[in-house]
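Visitor: I am new to this structure and would like to be taken through a few parts of it. Could you begin with a single residue and widen the view from there?

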Amino acid sequence: MNLKRIIIAITVVLIGTGNINAQDMKTEVPKISDFPIGEENTGYAQYFTGKSWLAPLTTSKELNVPMSNVTFEPGCRNNWHSHTGGQLLIAVGGVGYYQERGKAARRLLPGDVVEIAPNVEHWHGAAPDSWFSHLAIACNPQTNQNTWLEVVNDEEYAEAVKDRNSKNGKDENRIELCKENYTQLFGGEALTGGGTDPEMMDILQKYIFGEVFRTGDLDIKTREMITCVSLAAMQQLPQLKSHAGAALNTGVTPIELREAIYQCAPIIGFPKVLNALGAINSTFTERGIKLPLEKQETVTEEDRLEKGLAIQKPLYGEAMKELLKDVPGGMGADVARFLTEVHFGDFQTRSGLNTQTRELLTFCVLTVIGAEPQLQSHLQANLKVGNSKETLTAAVIQCMPYIGFPAAIKVLDIIKKHDTFFHKSFIDTTVLANLHDPGKVSIND
C-alpha cells in the first residue's frame, strides 16, 4: 500500500465520514467526497478568489492534530501563502491544483497527497470546471503560523491550468483522461478489470470518458445534462440514476437537472418523464436533498399561450400552424395551440435553465429518438439562440455512445447540410407562396 492510501486509511479511522445536506447551504454544493462540507468559509474569504467551505474534523486537544476538509467551487483558489510549520494536503474529491512559487502547477485527484515544507510559498484550489475538496492538516501546530500573500490573479491561474485544461484534455492520453473524468463524475476508479465483463467496460470507459468527453468544446456539466436527457429518452433508468449523481458531482444543481428532464416531456411524453423523474428523485433523496424542489413556473392560465407564442414565433415562425391547418375536423388548430401552450408556455418559459440550454437539450432528445423533420427546424432555432454548429456537433457526439454510430452520423449529416437544406426550403416556400403571380419569383433568386 503506497503512502497516499495509508494516509487516507488512517484519516478515515481517526475522523470517520459525514454526509452532505446541500439544502442547508445557500449555494448548492455537490457531494464529491464522504467528508462533510461544513459552513461557507467567510472567516477566510478575504484570502480566497471564489467561494469555499470549511469543515473542521478534529477537536482533541490531547492529539493536537488540526485537520479540516476544505471545499472549493470551480475556479476558486486561495492566495499565495506559506506556513511556518508546513502542511499536508490530501485530495478527497473532484479535481484541483497545487503550485509552489517558481514551479509548475500539479493537478490533484482524489488520493493524491501534497507535502508542503515550512515557509514554502504556494497556493491550491479547484480546476476551472470542477469542484474540489482536500483535507488540510497543520504540521507542527504548536508553532505553525500562516503568512497570507497576494492573490493568484487570473493570468497566473490560467497559466497554471492551461496544459491540462486546453482542448478538453487533448494533451493527455485517453487512459489518463478516462480515469480523471470517471473519478470526477462517479468518485470511483475506472478501468479496474473487475466485474463479469471487464473487457466491455474497458472499451466503454476509454471510449466515453477518454475520447468522447474531450471532443468538442462542451463543459462537463453540459455533457452530463446531455447524457441524462439521452438516457431519459431511452428509458435507461438505472444508468440515468447513476448519471444523475455524476451530474450533481460536476456542479449541475438539482433544479437544473430536474428542468432538463422536464424539458423532455413534450418530446417523449409524460409517462417516460415520470419514470425519469423517479430515477433522479431517488438520487436526490440519497443525497439528502429535500423534495419537492422549488417551483420554477412563470406563467398563469391566462398568459401561458401569449408567453409561449413569444418564444415560439421568433424561433419557428408559423410553420406548425400551416402544417396542421388541414387536419380533419379542424382539430389541427387545437394541436397547434397545445404545442404553443405546453411545449413553449408550460415548459420553455420555466426558470432554472435558459432558452439556449433548453434548445440544445431538445435537439439532443430529438437526436436520440431520430425525429428528422423536427431536427431540421430545431437546428435552425438553436442557431438563432446562439448554439453554433460546432456546439451541436459536439452534443450529438456526446449522445453517440448511447444511440450508436448510424443514428448519430445521420444527425451529423443534417447539421453538415443545413445551409443547403434551408436555402432550398426558402425557395420552395417562396415559389408556393407566389403561385398566383409567377412573375414575382425566379428559381435563380
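**A guided conversation**

Guide: Let us begin with Ser 33, which lies in the loop between α1 (3-15) and β1. Please bear in mind that this is a predicted model.

Visitor: Is Ser 33 buried or exposed?

Guide: Ser 33 has a relative accessible area of 10%, so it is buried.

Visitor: And what does the side chain of Ser 33 reach?

Guide: It reaches the backbone nitrogen of Phe 35, at 3.1 Å.

Visitor: Turning to the strands, what is the order in the open sheet of 6 strands?

Guide: The order is β1-β3-β4-β12-β7-β10, and the pairing is antiparallel. At the edges are β1 (39-40) and β10 (113-116), each of which pairs on one side only.

Visitor: How many bridges join β3 to β4?

Guide: Strand β3 (residues 52-56) and strand β4 (residues 67-72) run antiparallel and are joined by 5 bridges. Within this pair, Trp 53 stands opposite Thr 71 of β4.

Visitor: Is Ser 133 buried or exposed?

Guide: Ser 133 is classed as buried, because its relative accessibility is 2%. Leaving aside neighbours within four places in sequence, its contacts include Ile 32, Asn 69, Val 70 and Ile 90. Ser 133 also lies 8.6 Å from Ile 37, C-alpha to C-alpha, although the two are 96 residues apart in sequence.

Visitor: Let us move to β8. How many of its residues are buried?

Guide: In strand β8 (residues 96-100), 5 of the 5 residues are buried, so the strand is largely enclosed by the rest of the structure. On one side are Gly 96, Tyr 98 and Glu 100, on the other Tyr 97 and Gln 99, and both faces are covered.

Visitor: Which strands pair with β8?

Guide: One of them is strand β9 (residues 106-108), which runs antiparallel to β8 and is joined to it by 3 bridges. Another is strand β11 (residues 122-126), paired with β8 in the antiparallel sense over 5 bridges. Tyr 98 takes part in both pairings: its bridge partner in β9 is Arg 106, and in β11 it stands opposite His 124.

Visitor: What lies between β8 and β9 in their hairpin?

Guide: There are 5 residues between the two strands, and in this hairpin Gly 102 takes a positive phi near 85°.

Visitor: Now the helices, please. At what angle do α10 and α14 pack?

Guide: Helix α10 (residues 304-316) and helix α14 (residues 372-385) pack at about 105°, and their axes are 9 Å apart. The angle therefore makes α10 roughly perpendicular to α14.

Visitor: Which residues make that contact?

Guide: From α10 they are Pro 314, Leu 315 and Tyr 316, and from α14 they are Ser 377, His 378, Ala 381, Lys 384 and Val 385. By type, the residues of this contact comprise 5 nonpolar, 2 polar and 1 charged.

Key
Residues numbered from 1 in each chain as written. Predicted model: local features only at pLDDT ≥ 70, side-chain atom pairs only at ≥ 80, totals over all residues. Heavy atoms only, no water. Axes fitted to C-alpha atoms, helices over the stretch in contact; angles between N-to-C directions. Helix = DSSP H or I, 4+ residues; strand = E, 2+ residues; numbered from the N terminus. Parallel < 35°, antiparallel > 145°, perpendicular 65-115°, else oblique. Contact = heavy atoms within 4.5 Å. Nonpolar A, V, L, I, M, F, W, Y, C, P; charged D, E, K, R; others polar. Pairing = 2+ DSSP bridges. Buried < 20%, exposed > 50% of the residue type's maximum accessible area, 1.4 Å probe, protein only. Polar contact = N/O pair within 3.5 Å; in protein donor to acceptor, adjacent residues only side chain to side chain.
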